[in-house]
Amino acid sequence: MAARAKKFDLNPRREKQTAKQNSNLKSLIRKFCIDRGADLVGFAPVERWDEAGEVPPDFRPRTIWPPARTVIVIGLAMPLPIVETTPSVLHMELYKTSNRELDQMAYDLTRYLNRLGHASFFFPRDGYGTLKALRENPTAAFSHVMAAKYAGLGTIGLSHNLLTKEFGPRVRLVSVFTSASLPPDPMVAEELCIQCEACAKCCPKKAIRRRPDQVVGDYDKMACLEMAEELTARRCYPCGICTKVCPIGQDRVLYKQKGAMKKYLKETEALAKNPDDPEYKSWSHVRKYGISKLKNARD
Ligand code: SF4
Ligand code: SF4
């Protein structure tokens, strides 16, 4: 007993030292990411997947990479005025650029942590090769959205997108797994989705449906995939209309929009009546160029 007590007496000092080291490491990681352009960074202990029990065990970080103790999630914002032009070549290029940047950042952070002696691993931004592969098996091996929720970056809305206070759903994510046990960020306590249903009303494939029993809606993956296939054939993927119309996010304050919601809700009808409707001129101008109207456009 005495020996045990002695050992116990020594531990708090050691634990304090380790906690300080981990907290310093967390600050270093945050700085590393922010210096490279990250808009959001969050830290999730791997236990959160087990505690929440929402993600099947095979899709949890410790199954994918057993040494993982913390998942670091990095977010890059998608500027609203470009998202509003979707479907367009501008939106497609923004999507590709953000994916490339995120993968580069995750790769760099993984090597940085390895150099510091903390074994690390990253899960790339898009975990699928082709839309055909997604049609055969429409599930990702790992969900960055769930990781971001557990890392305190936001909550999941009706549309199945991660909603953040800063950018609503207009943010793209990547995850780095590390063997270092880092201090966790608190999860966002209040639901950010206000259940306005703008995402469901504006979805061109009616893929989102509200549920009476929970915030996250029913989501028809195949209908959404069909939209992605159509837009990929026209070289103007992804759709992202549900991210465009969501009212959540401080980015709306930055861009000082007035009457945006009304404009979104009327867009399909207004453009069907008059493709040159002056209210939508800035978006329809961008959409007229650089993409094909054909269903199977080739390079
Ligand atoms: S991406 Fe487009 S098709 Fe898919 S759910 Fe969102 S709005 Fe609907
Ligand atoms: S558009 Fe409205 S209902 Fe849909 S996710 Fe955003 S806040 Fe929720």
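Trainee: What share of the 299 residues of the protein chain counts as buried?
Mentor: Keep in mind that this is a predicted model. The chain comes to 13 helices and eight strands, and its C-alpha trace spans about 85 × 40 × 35 Å along the principal axes. A residue is called buried when its relative accessible area is under 20%. Of the 299 residues, the share that counts as buried is 45%.

Trainee: Which element gives the largest share of the largest nonpolar core?
Mentor: Happy to trace that one. The core has 23 residues, and those touching the most other members are Trp49, Val71, Val73, Phe142, Leu153, Leu173 and Phe177. Two or more residues come from each of β1 (40-45), β2, α7 (144-150) and β6 (171-178). The largest share, four residues, is supplied by α7.

Trainee: How many residues apart in sequence are the parts that the pair of Trp65 and Phe121 ties together?
Mentor: The structure holds eleven aromatic pairs. Trp65 and Phe121 form a stacked one, at 5.5 Å centre to centre with 15° between the planes. Trp65 sits in the loop between α3 (61-64) and β2 (70-77), while Phe121 belongs to strand β3 (residues 120-123), so the parts tied together are apart in sequence by 56 residues.

Trainee: Does Phe121 count as buried or partly exposed?
Mentor: Good one to check against its partner. Trp65 has 17% relative accessibility and counts as buried. Buried requires a value under 20%. Phe121 has 24% relative accessibility, so this residue counts as partly exposed.

Trainee: Which residues form one aromatic cluster with Trp65 and Phe121?
Mentor: Both rings of that stacked pair belong to this cluster.

Trainee: Which helices hold Tyr264 and Trp283?
Mentor: Tyr264 and Trp283 form a stacked aromatic pair, at 6.1 Å centre to centre and 25° between the planes. Both residues are buried. The pair ties together parts 19 residues apart in sequence, because Tyr264 lies in helix α12 and Trp283 in helix α13.

Trainee: Which residue lies over the face of Trp283?
Mentor: Charges over rings turn up here too. Arg111 lies over the face of Tyr107, at 4.4 Å from the ring centre. For Trp283, at 4.1 Å from the ring centre, the residue is Lys244.

Trainee: Which element supplies the largest share of the lining of the second largest pocket?
Mentor: About 790 Å³ of space lies in this pocket. Its lining has 26 residues, with Thr86, Pro87, Glu267, Leu271 and Arg287 the closest to the centre. At least two lining residues each come from α8 (198-202), α10 (241-245), α12 (260-273) and α13 (281-288). The largest share, seven residues, comes from α12.

Trainee: How many charged residues does the lining of that second largest pocket have?
Mentor: Sorting the lining by class gives twelve nonpolar and four polar residues. The charged class there has ten.

Trainee: How many charged residues does the lining of the largest cavity have?
Mentor: The largest cavity has about 100 Å³ of space. Its lining has 14 residues, and nearest the centre are Leu163, Cys193, Cys196, Cys199 and Cys246. By class, ten of the lining residues are nonpolar and three are polar, and the number of charged ones is one.

Definitions and conventions: Residues are numbered from 1 along each chain as its sequence is written. Chains are lettered from A and ligands numbered from 1 in the order in which they are written. This is a predicted model: local features need pLDDT of at least 70, side-chain atom pairs count only at pLDDT 80 or more; totals for chains, interfaces and linings use all residues. Side-chain values use heavy atoms; hydrogens and water are left out. On a 1 Å grid over the protein atoms alone, a cavity is a set of points where a 1.4 Å probe fits but cannot get out, and a pocket is an open set with protein on both sides within 12 Å along at least five of seven lines; lining residues have an atom within 4 Å of a point. Grid points are joined across faces, edges and corners, and a volume is the space filled by probe spheres set on the points. Ala, Val, Leu, Ile, Met, Phe, Trp, Tyr, Cys and Pro count as nonpolar, Asp, Glu, Lys and Arg as charged, and the others, Gly among them, as polar. Rings of Phe, Tyr and Trp (its six-membered ring) pair if their centres lie within 6.5 Å; planes under 30 degrees apart count as stacked, over 60 as edge-to-face and the rest as tilted. Buried means under 20% relative accessible area, exposed over 50%, partly exposed in between (1.4 Å probe, protein chains only). A charge sits over a ring if NZ of Lys or CZ of Arg is within 6 Å of the ring centre and within 35 degrees of the ring normal. A nonpolar core is a set of buried Ala, Val, Leu, Ile, Met, Phe, Trp, Tyr and Cys residues joined through side-chain atoms within 4.5 Å.
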